[in-house]
Amino acid sequence: MSQKLTCVGKRITQKDVLLKATGEARYVPDVRLPGMLWGKVLHSPYPHAKIKKIDKSKAEKLPGVAAVITVEDAPKILWARSFRDMPMAPSGALQRADEYILADKARYVGDPVAAIAAVDEKTAEEALELIEVDYEQLPFVLDPFEAIKPGAPLVHDYAKNNMAVHLTPPPFLVKGDVEKGFAESDVVVEEKFFVSKQVACQMETQSCVASVDSSGKITCYSPCQLAHPFRRELGKMFNVPVGKINVINPFVGGSFGCRLSCHNEPICVLLSMKTHKPVKLVYSKEEDFISIDTRTPHYYTVKMGFKKDGTLNAMNLDVTTWAGGYLSRAQLAGGITLIWGLGHYRCPNMNGSCDVIYTNTTVAGAGRGFGNPAIMWGVEEVVDMAAEKLGMNPVELRLKNTKQTGEMANMGLPIESSYIDDCIREGARAIGWDEKRGKNKGGNGTLKRGVGMATMTHCSGAWPLLIEHSNAFIKFNEDGTADLTVNPGSPGTHIWGTLSQIAAEGLGIPVEDIYIVTGETDKTMFDLGSHASRSTYVTGNAVLEAARLAKKQLLERAGKILSESPDDLDVRDRQIYVKSNPEKKTSVANVCSQAIYNLKGDSMNISGKSSWCSHYNSIPTAAYFAEVEVDTETGEVKILNFVTAVDCGKAINPMTVEGQCEGGVQQGVGYGLTEDYVINKNTGAVESNNFTSYKMPGTMDMPETTKTIIIDKPDPKGPFGAKGVGEPGLVGVAPAIGNAIHDAVGVWMKDLPATPEKILKALMEKSPQQD
């Protein structure tokens, strides 16, 4: 890209940093409305139970209680917390509506059964104790393989053998003759893997404030990062026109995927409808752990066949996706593992399948990376196994099979740009691959060192699986500053700063002159929201086009003032100047002011509006390298060094890219080593239901050194060459650690998380010949 950039590529101070640092930023739990009531939810203590009767009379008589609601008070409409009838392209709706606002039958421990609104939190909690529920406990099933056996308890009557759905890969990922491909391969590796649930661990618990006024207008404060689709779902649920619903996204205290779904918001809205007052409903951390979506767990088998020279010749994936009591996003999370796993490497013979199974467990849904971290654990471990059998360097085996620009990407579209080879080579050099690989097994005493790697391809949005539609509106103020109206959702990705840089670069003004208008569906045009690493790529392109249109108007008005053709003008340092004679100029503020306060009868507010629909998908790529030290006496793993080399196109703000990758390392360490979601097999209760029993890595668990390498080569379709980066920072972290563990101590960890107990067990089972 030949143009000189003045805003893009710079390390700017984020737009929201002062408000967050001073505590002025307002999150949903901070919202206070006049006359507001407190909401509380009664959750089922049983994994599977018929609700024979709910006696709420004692709770209703408690002074200060304004409403007690059950399924009988709710609309008799099934809904999907992941939004039914999401605008999928081209295959139609992929989300099943299978739950009511409050449970008609308890399907997991934590299923919301009743809810209360009271004058204060203490009264609401006291009233919960007074609700009497007559449960008839039913046989339950927690394991997906047990759930599909004949005679297993049915979680939903419609789902025979608890099979929610059977999925196959999209046609472009079904290739050749797989069995023939394996028969013609020189090395075939087939292994089974399990990846557990992971809790998002966002700091702000699931919260909502809802208000329904006398006209029926619903105002819903929610951390949901898909505000406009969420508004649509609320409209269907309550049979209210979407124009009478305003979804407000204040600051969001983290998401990592869990905010893609709505959770307690419909309960809160229903309480407000019943009481005719605003209601606040804030979950405790324990409620978060048992009642909102976790990352979807999977059992799966990876089979890969290679020629002697390392060419991947055949591949098959068989996935069993462990859905919970309701489907939520487990169907998408299951199906997309096939896309990530089969679409990553070049292969002439491919196929796969995925069965999504209901169980009486916490609902499974989206997690950062959405299926990619799960499947790449197994795929990248099998690649390392094959490299060992072939006698090849894992770096070289991957370089031989990576896809290049112009080949078909994981979403079935041509790869617009790929610099994955650069990622692999730069990352290997930074970790000291050639010096360290296979050379530290005999370290000091019980401490053994090793290095491992992994790679991935991801997406910049979900086209063509999902529509990719965003809008942006830019208007100049009379002082030459500009308001940028967008609503992508901001769950911690610093997207406001990134979009401001794109707008400023497109307009030719400083980034500090851009002011963000966002956070309400009433004030913003449609945006699909923040997911699939799409916001910089899709919303960013909408912003760039809006900036182009606004700048065109600006130069046209300036041309009249300067008596010059707009084509001969440009903008820099808040000045509009003649390109051939830079001394002839006028200020942006002067042009904007004259346009607004014009006495000649042609006043206008200079602006630009763009509706952007993306029909391409530029894949980000990355390579990850870990150096670990394993204590063979305790099974503990210490991560010494970690390198992420990422190809995300042109980095709009390198500091933001580094932040996403460093945060991804922390989350990946937890996914790979410590975060174990434990469900009691006898009761169905979640035992790891807070930060005491669920081990999220802290500062002392992070690598001694973490390095992010930004390849920083522009993509032809992204705004100023940018691609997505929100999720890629995480995807390959756990598999790189797993492969490093093998390099250190010679065992393959196939069951996530790789806890010390599992590592010790694997070491004890390892035969001497494996050393």
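Which residue in E4 stands opposite alanine 49? In the predicted model described here, local features need pLDDT of at least 70 and side-chain atom pairs count only at pLDDT 80 or more, whereas totals for chains, interfaces and linings use all residues. Residues are numbered from 1 along each chain as its sequence is written, and side-chain values use heavy atoms, with hydrogens and water left out.

The residue opposite alanine 49 is alanine 106. Helices (H or I, at least four residues) and strands (E, at least two) are DSSP runs, numbered from the N terminus. Strand E2 (residues 49-55) pairs with E4 in the antiparallel sense over two bridges, where pairing requires that DSSP find at least two bridges between two strands. Both strands belong to an open, antiparallel sheet of three strands in the order E4-E2-E6. Its edges are formed by strand E4 (105-106) and strand E6 (132-137), each of which pairs on one side only.

Asparagine 360 is placed in the loop between strand E16 (350-357) and strand E17 (364-365). This residue is buried, with a relative accessible area of 0%; buried denotes under 20% relative accessible area, exposed over 50%, and partly exposed the range in between (1.4 Å probe, protein chains only). A polar atom of the asparagine 360 side chain lies 3.3 Å from the backbone oxygen of proline 47. Not counting residues up to four places away in sequence, asparagine 360 touches Pro47, His48, Arg107, Tyr108, Pro139, Phe140, Val141, Leu142 and Val155, contact being defined as heavy atoms within 4.5 Å.

Helix H9 (residues 330-343) comprises 14 residues and reaches 20 Å from its first C-alpha to its last, close to the 20 Å expected at 1.5 Å a residue; the expected span is 1.5 Å times one less than the number of residues. Because 14 of the 14 residues of H9 are buried, this helix is largely enclosed by the rest of the structure. In helix H16 (residues 588-596), the buried residues are Val588, Val591, Cys592 and Ala595. These residues fall within an arc of 95° when seen down the axis of H16, and therefore line one face of the helix; the arc is that of the directions from the helix axis to the C-beta atoms. The packing partners of the buried H16 residues are strand E19 (469-476), helix H15 (535-562), strand E22 (569-572), strand E23 (575-578) and strand E24 (581-587).

Tryptophan 612, in strand E25 (residues 607-613), counts as buried at 19% relative accessibility. Leaving aside neighbours within four places in sequence, tryptophan 612 is in contact with Glu468, His469, Ser470, Val538, Asn541, Ala542 and Glu545. Glutamate 520 occupies the loop between strand E21 (514-517) and H15 and is likewise buried, with a relative accessible area of 16%. Beyond its neighbours within four places in sequence, glutamate 520 is in contact with Asn246, Val247, Ile248 and Asn487.

The structure holds zero disulfides, a disulfide being a pair of cysteine sulfur atoms within 2.5 Å. For cysteine 208, which is in no disulfide, the nearest cysteine sulfur is that of cysteine 220, 3.6 Å away. Cysteine 208 is buried, with a relative accessible area of 0%. Cysteine 354 is also in no disulfide, and the nearest cysteine sulfur, that of cysteine 459, is 17 Å away. Cysteine 354 counts as buried at 0% relative accessibility.

Methods: A polar contact is a pair of N or O atoms within 3.5 Å; within protein, one must be able to donate a hydrogen and the other to accept it, and residues adjacent in sequence count only if both atoms are side-chain atoms.
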